[in-house]
Structure formats: structure tokens, C-alpha cells
Amino acid sequence: MKNGYLLLFLLFTVTTSYAQTIETEPNDSFVQANLIQDGVVMQTAISVGGDIDYFKINITKPCVINVAAENIPNALSLRLKMYNSANQQLTVDSEGYGENVYIDQLVCQPGVYYIAVYSYSGGDKSPTLFNLRATIDESDIYECNNSFTDAKPIQAGVPIQIALNDEGDIDYFKINIAKPCVLNLAAENIPNALSLRLRVYNSANQSLEVESQGYGQNVYLDQLVCQPGVYYIAVYSYSGGDKSPTLFNLRATIDESDIYECNNSFTDAKPIQAGVPIQLALNDEGDIDYFKINIAKSCVLNLAAENIPGTLSIRLKLYNSANQELSVESASYGKNVYLDKLVCEPGVYYIAVYSYSGGDKSVALFNLKVTANELDIYECNNTFADAKDIPLGHPIQAALNEGEDVDYFKFTLAFQATLNVTIPTPPTSLNPRITIYNGSQQQVGVATGSANQTVSINNLTLAPGTYYVKVSQTNNYVNELYTLYVSANCIPFTVKSGNWDDPTVWLCGQVPGGADLVVIRHAVVISGSFAAHANQIAYEAGGSLTMEANSQIQLGN
């Protein structure tokens, strides 16, 4: 009866774009399966309740078998099922009454594959013919590559076209890396039916990085690789169930522009030279680049990270040779970063450059420059113990090189004197403070100034002994030299009795002048016709002044 229906409907077959044939009964088992050809429409019907029609197609190489059951009669709810050569089920799909049914199956082994067509409910039937078509899609030439073992080799810089043809399809590729670099992956022109995920693995099949995007969105992944070897790329649906026969592009490129990679630890820190700018990049999330520089003597290390990409917020950190943090500076996105640190001990110092947020990355190169500033020859003099000797009456130049920098100097008075300490016209951004201490480190004088305004301590009377001058700041450091001038004017005390005009009578070894405060402790004579000068005269016990005939003394300036 069923054959009669088929012959009747064959008389009314219309021409389509596909070649057509008609099923041959009986085909109710794998053994009796009708052979169908790629792209040729087979007309069939489920005319008896419980009828299962089997078809077979011969596959010569890996491909996707697309099966379409269309023009389904309203009386049928149809199910399609596909089997391999061993009659093992591969995939199945069903639809409601009168609905077309489609299945797609990636097949990797050549051989015969079977398609079973039957009522989803099991009892439906209809004499009306509907169309069954199986097409072979070989457009994804990299199939079957669904495991690490089957990963297909690709070349850096050469785009390829692939597809995720089946639910659960995972395409693996492999690329050989000869030296440290950044592996950049780009999956583009993604079909709207796909939400894509990229994952990269090392040679041991350990996951290194993963990136995903929504439907129809391109996906990009960048991974720093430090060890030469084979790396694997997995491409698959983010949701796990998406599929599309539409080809999209996959491209892997190797970026070796950051010649200092891989330098992600103190152990791997790359040596750099003072005054020589370098270019580097933070190529991957969490990338930290370490550098090291050898310092032979005390100096100020000036670090400058410049031309920062707008997608990076950079942090600089400086460590000593024991890997202890010394200083840190950060800036916001696209901003340059500067760090200045006084280092007092010769040795190796480390610089870490990384994203302030921790998650930023950019393949764009930026500049790093380290300079060693040795202009301040008195460093390191940051404590009383490290105070540097300075001469009296001669200007010196020094600098406050960082935020916590203070400069200590010391000098010795052999006699009682009046002290004058001056910083003439400090640098524009320096507000200096001068503090004077005695040998017991007790403060005996202080003065605070402002930028471009001379600051001084004048006419401070001091006894013989050792004294300290501390120069500090009340605002920010400037890394510019300032001038310090310390002078001491001897106070003319008498050291023995004698004539005023005898230099040996006076502590300072010279005859007092009109600006001096004179202290007389002995018997002093102004001889006849001599004119003495002093600003003031003070007498202590045992002191006297005798003026001979025609002598004179002028007091005051």
C-alpha cells in the first residue's frame, strides 16, 4: 500500500533546485537503508504508524553532515536520528506537527552513516511525501580537530577560516613558539548565532588564558609566553550549545616588540643602564616587568615612565638588593609616572613596572628611563651621624632630593663667635628650614623661608665647639641644588693684658674693628696717639681699659 502512495505522488513531483529521488521500500532497518547522495532530495513518507525509514550516506573524509527534513505534513511530528557505521547513535532532533527538522553532525571517520526518520510520537502517519536531504559540508578544512591530539598546526600571521558546525564542537589548533613573545589571538566576523570563547594552553595542556564574548562579537586574547614550545588554542561556543556552519576568521600573531620579556620576577629582572631609555609593554593582565640597575655610589635614582597608553594606569616601585621596597609612585590612565629616591648604599636596585589597577594591559610600547643624579656630593647625610663637614666662609651646594630627604652638615668653632647661616634665593619650589644644633644635638637656632626668598640665621653667638646645620623642607622636594653659606665672626675677647693695638692681646688674633662687640677680661691700654674702634665694650671681672694721652676710642659703626 505504501508503495502505491509513493508512485501516485511521484506523478505530481515539481522541479526544485535539488536533484530528487524517491525512497524504496522496504527500508525499515540498517541493512535495508536507502542510499542517498550528497545534496540529492529524497522524497519519503511515514504512511504507516510505527514506520521507521533508514537511509545511508557514504563519507570519504571529515565533514559536517547536514540533514534537513522539510515540507512535513501537518499530521506528522518528526524525529531525525543519525548513527555511525557501528550503528551507534550520534545525534537526534525532533519538532512538532508540520515542523521541519534539521540535524547537523561533525563526522571525522570515513565510512557509512545512517539516518533514521520516524514519528516523534510513534503513532503518527501520513501518506503525504516530504523531502529529506543530506548535504556534506567540507568548508572547514581543519576538521576534525576536536582534541589536543588532533590539533591542527597554524602559522603566525596567517589568518584561517573555521566554523563550529556542531553543538559541542571544539576546534583545537597549535602553534610553535621559538622565543618569548606575546601571542595575540583574534576571532573575527563571528556569526550572530555564536557566542565565542578562546582559550590558550601551554605544551602541558594547562590553561593559560581565556576570553569570551556575546553573540556575534569578535573575541581577542593576548597571552605572554615565556617558554619556547607548542601552544594550543581552543575555539568553542561560550554557551556550549551554539553552532553555525558559517565560516569566521581566526588569526594568531606573535609580538616580540618587548625585547625585555620575560622579566616577571626579581630572578628574571633585566639589566638596564642609567641614562639609556628603553621601551617596554604590559602585554598581559597581571604582567609585572622587573629591571635591575647597578649603583656604584650614593646618588638619587630618577625613574620616568612616559608616553603611557591611555588604557594603562602605571605604578613604579623601587627595591633594594634585598628585595625590600624603598619607594612607590602611581598615576592614572595615560599619565606619566615619576619616582625619585635617594640611595646611599652601592649595589643592585630593582624596578618593578606594572598596572596600578592590576588588570590593565596594552601591547603599545611606552618608555622607561632611569638616571643616577650625583650632583649632590654631600649625600648621604640624612642624620647627625652622617653629617658632612663643611668649611666656614665658603658656599657649598647641595639638594633635597626626595620627600623625606634632610641634609646634615657640621663645623667646629675654635673660639667664641657670632654665626651667620644663609640660603640665598632657594629654588622656586623649595621652602627651606635651617636648624642649628650644638654638639649635644640641642637646637640653638631656627629659621624658615619660602621659595625665591633668602632665609638666614644671623649674629647667633656661640661658644667654641662642634655644631650642626640641618636643612629640611616644609613642602615638596625639588631635586635642584641650593646654596648654603655658613660664616663665623670671632668675638674679640682679651686673652692677656697689653696694648689695644697688639693683635696677640685678642682671641681672634686681630685688632678689633668698629663692628665688634669687645669683651675686656684683662688690663688693656690704648697707647698715646692710637685711635681704637669698637661697636660696644663689655667688661668682665679683672678687665680694665686705660687711655694714655692723645689716645682715643670711637664706639659704634
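Predicted model: local features only at pLDDT ≥ 70, side-chain atom pairs only at ≥ 80, totals over all residues.
Local features were taken at pLDDT of at least 70 and side-chain atom pairs at pLDDT 80 or more, while totals for chains, interfaces and linings use all residues. Residues are numbered from 1 along each chain as its sequence is written, and side-chain values use heavy atoms, with hydrogens and water left out.

The largest nonpolar core has 27 residues. A nonpolar core is a set of buried Ala, Val, Leu, Ile, Met, Phe, Trp, Tyr and Cys residues joined through side-chain atoms within 4.5 Å; buried means under 20% relative accessible area, exposed over 50%, and partly exposed in between (1.4 Å probe, protein chains only). Leu-301, Ile-314, Leu-316 and Val-353 touch the most other members. At least two core residues each come from strands E21 (278-282), E22 (288-295), E23 (299-306), E24 (314-319), E26 (337-343), E27 (347-355) and E28 (362-373), and E23 gives the largest share, 4 residues. Strands (E, at least two residues) and helices (H or I, at least four) are DSSP runs numbered from the N terminus. Beyond its neighbours within four places in sequence, Val-353 is in contact (heavy atoms within 4.5 Å) with Leu-280, Leu-282, Asp-287, Ile-288, Asp-289, Phe-291, Ile-314, Arg-315, Leu-316, Phe-366 and Leu-368.

A cavity is a set of points where a 1.4 Å probe fits but cannot get out, and a pocket is an open set with protein on both sides within 12 Å along at least five of seven lines; lining residues have an atom within 4 Å of a point. Grid points are joined across faces, edges and corners, and a volume is the space filled by probe spheres set on the points. The largest pocket has a volume of about 210 Å³. Its lining consists of Thr-418, Asn-459, Thr-461, Asn-489, Cys-490, Ile-491, Pro-492, Ala-515, Asp-516 and Leu-517, with strands E35 (455-462) and E37 (481-490) as the elements that give two or more residues. By class, this lining has 5 nonpolar, 4 polar and 1 charged residues, where Ala, Val, Leu, Ile, Met, Phe, Trp, Tyr, Cys and Pro count as nonpolar, Asp, Glu, Lys and Arg as charged, and the others, Gly among them, as polar. The structure holds 1 cavity of 30 Å³ or more. The largest cavity contains about 40 Å³ of space, and its lining divides into 4 nonpolar, 3 polar and 3 charged residues, including Ser-298, Cys-299, Asn-373 and Glu-374.

The whole structure has 17 aromatic pairs. Rings of Phe, Tyr and Trp (its six-membered ring) pair if their centres lie within 6.5 Å; planes under 30 degrees apart count as stacked, over 60 as edge-to-face and the rest as tilted. Phe-30 and Tyr-83 are edge-to-face, because their planes stand at 90°, with the ring centres 5.0 Å apart. Phe-30 lies in the loop between strands E1 (20-22) and E2 (34-35), and Tyr-83, 53 residues apart from it, in strand E6 (residues 77-83). Tyr-83 is buried at 12% relative accessibility. Phe-148 and Tyr-232 form another edge-to-face pair, at 5.3 Å centre to centre and 90° between the planes. Here Phe-148 is partly exposed at 22%, whereas Tyr-232 is buried at 13%.

Asn-263, in the loop between strands E19 (244-255) and E20 (270-271), is buried at 0% relative accessibility. Its C-alpha atom is separated by 5.3 Å from that of Asp-289, 26 residues apart along the chain. Residues touched by Asn-263, not counting those up to four places away, are Asp-268, Lys-270, Ile-288, Asp-289, Tyr-290 and Phe-291.

Most residues other than glycine have a negative phi, and most peptide bonds are trans. The bond from Glu-261 to Cys-262 is cis, with omega near 0°, as is the bond joining Glu-143 and Cys-144, with omega about 5°. Positive phi values occur at Asn-307, near 55°, and at Asn-550, near 70°. Asn-307 is exposed at 52%, and Asn-550 is exposed at 65%.
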